[in-house]
Amino acid sequence: MRKEKNTSPFLRIEKLLDRYFESKPSLCIERVVAYTNIFKESEGESFIIRRAKAFKRCCQTKSININSEELIVGGAASKPRAAIFCPEHASSWLREEIDELSTRHQDPYDVDEEQKEILKDNIFPYWEGKTISDHWIKQIPPEVKEIAVKTGIIDVEIKTQSAPGEIAPGFEMIINKGFNHIISEAEKKLDSLDHVNPEDYEKINFYKAVIISAEGIIELAKRYAELAKKLMKEEGDLERKAELKKISEMCEWVPANPARTFWEALQLLWFVQIGCYIEGNGPSYSPGRVDQYLYPFYKKDIEEGKITEEEALELIECLYVKFAENTWFLSKNAAMYFAGYQPYQNITIGGVKPDGSDATNELSYMFIKAKMDVRLHSPSLAVRVYKQSPEEFLIAVAKLSKLGTGFPAIHNDEVAIKMMLLTGTSIEDARNYQLVGCVEPYIPGKMSKWTDGGHYNFASAMEFALTNGVSIINENKQLGPKTGDPKEMTFIELKEAVKKHLAYFIRNIATACHVAERLHAKLTPYPYMSSLIDGCLEKGMDITTGGAHYTIGPAFIGTGIADLANSLATLKKFVYENKSVSMEKMLDAIEHNFKNRDNLRLKLFNKSPAFGNDDDYVDGFAREMTDFAFNEISRYKSYRGQNFISGLYPVASHVPHGLVVSALPYGRLAGTPLADGCSPKGGTDKNGPTAVLKSVSKINHDAHVAGTLLNMRLDPGTIKDEDGEKRIAALIRSFIDLNIFHIQFNAVTSDVLKEAQNSPEEYKSLIVRVAGYSAYFVELCREMQDDIIQRTVHAL
């Protein structure tokens, strides 16, 4: 039973939400059975053709249903919140974890004995030795494996467990053209090619695979059309009978053909999303600027009297429920980095148009209203703001922010457009950016960019500089280069040691990422997704081989910036300047996790300069080290030929990274969470929200083109009225002026969070901001919950 009900004005939505919250995450094996059967039947054929055939087989055979009350229909899995398993990426982890899947620490999934038997007898044996993960672990150098596999120092395994994801398909194009257009274009290209030409061979296979995939998603929609027609004949309620008739007609028409109405456009959008998840269980398939490309359909329907504002809002809320039914299936280890069953689907509203004029419209406000009514963890809602953003829009953003769900994420056009220009886009495309995943700016329908090529943490570099490359928690293993005895170093030399370890982490991520990129291109091309990205059809190339109009990245993601900056400031002040703490004493305290040294720890934690207080003494280290990381990352080129790029957001990695970092000089204890993204460490930012903004603004955000993240927790009592909304809007204006890329707010009391820990069944729908995404608080592990509770609460 949920203690807090949603506030939708529609009874239909309340019924859908009740059903949703009764659903437990579970495992669906329909996709894995379809793909395995096709791969067994097609040994020796081109991989891209095999994958397209498997995609189509899944569309033909997966179970389908239309629940009562639904107006948007379809699902990638067999039921809501069920996980799709893609064995071609990695199967060994599930083979090892299958018997504990339903009870694991983070993101457990129900699985029945029949499913286990099928997996153990038919699936796991076939895929053994054939997966991306199997190849990757054998191909990465031993020194990379030593530091990259389950150490928590760096993490690069995620791109071997699922499809790359993190992409902005061309929703505007496909909604206005349909998949029959894709088929037609591919057939035209095929007519101009000949097998006798060696350079045509791969292109021929690519276009054939695109056609097969498009046929698959069309066939899936027609199956829903037939089901709706069957249910219509059996339905006694005249109103529902009429809805089912319309659903049947829609699914017969889209996604094969262009949408004709607002309702059809939403349904076509959803079919595209389903296809993404069937092709590859990946993160961050993001529909982007819905208020822009859906607006012509909405406006036309309103003008012609085909729909009312109320009906349009109800349809959007139905779509939101469908988005929340998706999940991203990961191993036990990976789930700690991406906790909360979050698929990272991102909807973007507001900002400017490609010509630079204001983009807000009626749908911008409607998508905000729907998010206030339907308080689900997904889809994420990102708003774009700029110096001339209408005050009315900022107040609407504030109204949503103060609800405490962590939505929306707020992004600064002034910075994001510079980021996109730095990646080589046109000014028109840069102004048309959308958000993908947590905080990642993309060009919709034109860009391929892994924004998660690997994670590293700044705090481990600090630890290793003090331990000569030894990881204390990893059984005192030598996981970094030997950089010398810190007792014999000057402060400048100590900083250089930190940089050597950062450089070592980044080099190893680059090596591991090269291998993963190559394997995706060879073993798991994505013809369905490629058909939705500009450039691929024109070139006859998959996104994994550089077919997209813009190919950039992958990105390397750093977290724990504040931990490193605070540590350096502490060492400089107490060890090197006033010499009140010797290096020997500091190293001894760190080695013993400040045990029986509480006075020293409290002195360091409370009196050290800390990031987030507008203090140049410490803020300069944050800027210096993030600039260094950016320059180091930019030295290396990816498999697809582009330079790697930098990002500063954790997803949820600040918690698992923290588990393997020893105590740090500023008083942080071993194993506790690191600071997330560019955010201050909880409890150290004491000078208010404006000081936090000023500290964070000293980082060069536009250099980190994969995105940066700032979390801020607000006292709900200070923002509950209209004046509070105005203060949030004013804070957003300051954020824009200070050229920070992103900010998001948590506005929920610690008392409520602690009550939810004690009575989770009563708080199933309580949503909090984790990092660049929101999740149901009670579905997070205790470590993640405690991290959110300990964050500094700012009165506004």
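Two rings of Phe, Tyr or Trp (for Trp, the six-membered ring) are taken as an aromatic pair if their centres lie within 6.5 Å, and the pair counts as stacked when the planes are under 30 degrees apart, as edge-to-face when they are over 60 degrees apart, and as tilted otherwise. By this rule, the count comes to 32 aromatic pairs. One of them is formed by Y320 and F367, whose rings are tilted, at 6.2 Å centre to centre and with 55 degrees between the planes. This pair links distant parts of the chain, since Y320 lies in helix 15 (residues 309–324) and F367 in helix 17, 47 residues apart.

The model is predicted, and local features need pLDDT of at least 70, side-chain atom pairs count only at pLDDT 80 or more, and totals for chains, interfaces and linings use all residues. Residues are numbered from 1 along each chain as its sequence is written, and side-chain values use heavy atoms, with hydrogens and water left out. Helices (H or I, at least four residues) and strands (E, at least two) are DSSP runs, numbered from the N terminus.

Two packed helices are described by the angle between their axes and the distance between the axes. The axes are lines fitted to C-alpha atoms, for helices over the stretch in contact, and angles run from 0 to 180 degrees between N-to-C directions. Helix 17 (residues 362–373) packs against helix 18 (residues 391–401) at an angle of about 10 degrees, with the axes 10 Å apart. The two helices are therefore roughly parallel to each other, where angles under 35 degrees count as roughly parallel, over 145 as roughly antiparallel, 65 to 115 as roughly perpendicular and the rest as oblique. On the side of helix 17, the contact (heavy atoms within 4.5 Å) is made by S364, Y365, I368, K371 and M372, and on the side of helix 18 by E392, F393, A396, V397, K399 and L400.

For helix 11 (residues 238–253) and helix 12 (residues 262–279), the axes come within 10 Å and cross at roughly 60 degrees. That angle makes helix 11 oblique to helix 12. Residues E243, K246, I247, M250, C251 and W253 of helix 11 meet W263, E264, Q267 and F271 of helix 12.

An open sheet is formed by 7 strands in the order 4-5-6-7-18-17-21, with mixed pairing, where two strands pair if DSSP finds at least two bridges between them. Strand 4 (288–289) and strand 21 (793–794) stand at the edges with a single partner strand each, so one side of each is left without a neighbour in the sheet. Strand 17 (residues 711–714) runs parallel to strand 21 and is joined to that strand by 2 bridges; R713 has V793 in strand 21 as its bridge partner.
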